[in-house]
Amino acid sequence: MRMYDIIEKKRDGYVLTAEEINFFINGFSTGNIPDYQASALLMAIYLRGMTEDEIFNLTGAMIHSGEIFNLSSIPGIKFDKHSTGGVGDKTTLIVAPVAAACGVPIVKLSGKGLGHTGGTIDKLNSIPGFNSNLTIDQIISNVRKIGLSISTQTGNITPADKKVYALRDVTATSDCIPLIASSIMSKKIATGSDVIVLDVKTGSGALTKSIDDSIKLAKLMVGIGRKFSKKTVAFITEMDNPLGYSIGNSLEIIEAIETLKGRGPKDLLDISIVISSKILELAGKGNPEHCTDLAVNSIKNGTALNKFAELISIQGGNRDVIYDYSLFGESKLQHEVTSDATGYISSYNTKLIGIAAMILGAGRETEDSLIDNNAGIILKAKVGDFVTKGDTLATFYSDSENKLIESNSIFKKSILYSSEKPVIKPLIHSFID
């Protein structure tokens, strides 16, 4: 069997067999298949798609490329929550502590940023001393102690996906539905949790831009989960507007902390409460209304914030950042972006805002790009807000004057104004179980 023939077959639109998919995954994992051939196959998949059987076989091959966690020593039903990624999406940093504070064990492996979307691990790594590289023994120990662990993909969990994920990021294949589904679900299933709750973003700032594609992705992932005997559900949530006001790693950690203190943006809080309450309901904590009350009260009484502090401490970070944001440091330069018109902000191209933040240093242009933990954007106005010409729309943070100039230009291209107030889209479009 030759990789050349597999690339050619998929390029011409034929269905790959399980044997051919296993050959690719095994060869790429061990280094016998070079990046340029793997990139060619990824692009062929992007252009030609995959059948459900191909996606299932690809997911299985990536699961079995490494270790599968055994979480049986952790009492109770174990949960994993995952978002497909967006701009300003920091719900995991709120949902996980809320659920754990209410007695639901959360075992989560998170990735780094992909394309214009931020990564949960990049955000957590902005906390001084935070260790996101845990072994399976450390993960299990931490969950048994505090009910929560968030760590990066270990070398022994789906190593094939780790390599494919990095390659997707730099080959314009990050928004390919078959690759998204197999990547997410291989990690979720290999992690060993009993229930998987998915937050599938839709809109200009998401990997899937249309609601139809987002529903297609959600149904595909729910189906994969069930094929592997995992209870899996999915929310379709809005990403035509950045979530919250902060975009960038330490900036988003601060906003998540503010939300856990009960002072966060309403859109971020509302989505986090809905997802948290569904986790509690699936864990048998009560009916939907009671579970919503549990989630809300964990923020009001401070137990969710304390749980986040415990997470930081047990993974080596400085928990004092919860009370002293200066410990994150700050960018050398700030720049205010002002409005060019008077009227309502009728829409944002949220992807362009994500790209602007990436150029400032908050994300990766290439696999080897270094992250600037303090770079990013704080929005002052969102879709539906009325602004006057000259009003501040956002504050940019960076260490580079050139990056500020380039990002300013991209950000301004993301905005449309109107004389009439636009209809605001719902935060949550649908739920798939």
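Which residue stands opposite tyrosine 344 in β10? The residue opposite tyrosine 344 in β10 is phenylalanine 386, and this pair belongs to one of the sheets described below.

## Basis of the model

This is a predicted model, in which local features need pLDDT of at least 70 and side-chain atom pairs count only at pLDDT 80 or more, while totals for chains, interfaces and linings use all residues. Residues are numbered from 1 along each chain as its sequence is written, and side-chain values use heavy atoms, with hydrogens and water left out.

## The three-stranded sheet

Three strands make up an open sheet in the order β10-β8-β12, and their pairing is antiparallel; here strands (E, at least two residues) and helices (H or I, at least four residues) are DSSP runs numbered from the N terminus, and two strands pair if DSSP finds at least two bridges between them. The edges are taken by β10 (386-387) and β12 (415-418), each of which has a single partner strand, so one side of each is left without a neighbour in the sheet.

Strand β8, residues 343-348, is joined to β10 by two bridges in the antiparallel sense, and glycine 343 has valine 387 of β10 as its bridge partner. Towards β12, β8 runs antiparallel and is joined by four bridges, with tyrosine 348 partnered by isoleucine 415 of β12.

Contact here means heavy atoms within 4.5 Å, and the angle is taken between N-to-C directions on a scale from 0 to 180 degrees, with axes as lines fitted to C-alpha atoms, for helices over the stretch in contact.

## Buried elements

Nine of the ten residues of helix α5 (residues 92-101) are buried, so the helix is largely enclosed by the rest of the structure; buried means under 20% relative accessible area, exposed over 50% and partly exposed in between, computed with a 1.4 Å probe on protein chains only. The buried residues of α5 include Leu93, Ile94, Pro97 and Val98, and the helix is followed by glycine 103, whose phi is positive, near 90°.

Strand β1 (residues 79-83) is mostly covered, with five of its five residues buried. Phe79, Lys81 and Ser83 point one way from β1, whereas Asp80 and His82 point the other way. β1 pairs with strand β4 (residues 195-202) in the parallel sense over five bridges, and aspartate 80 stands opposite isoleucine 196 in β4.

## Individual residues

Alanine 160, which lies in helix α8 (residues 159-169), is buried, with a relative accessible area of 1%. When residues up to four places away in sequence are not counted, alanine 160 touches Ile25, Ser29, Met62 and Ser65.

Alanine 172 is not a glycine, although its phi is positive, at about 60°; it is found in the loop between α8 and α9 (177-191) and counts as exposed at 56% relative accessibility. Serine 229 likewise has a positive phi of about 60° without being a glycine, and this serine lies in the loop between α10 (211-227) and β5 (231-238), where serine 229 is exposed at 69% relative accessibility.

## The largest pocket

The largest pocket has a volume of about 460 Å³. A pocket is an open set of points on a 1 Å grid over the protein atoms alone, where a 1.4 Å probe fits, with protein on both sides within 12 Å along at least five of seven lines, and lining residues have an atom within 4 Å of a point. Its volume is the space filled by probe spheres set on the points, which are joined across faces, edges and corners.

The lining of the largest pocket consists of 20 residues, among which Asn241, Val383, Ile424, Lys425 and Leu427 lie nearest its centre. α12 (266-282) and β8 each supply at least two residues of this lining. The lining divides into nine nonpolar, three polar and eight charged residues, where Ala, Val, Leu, Ile, Met, Phe, Trp, Tyr, Cys and Pro count as nonpolar, Asp, Glu, Lys and Arg as charged, and the others, Gly among them, as polar.
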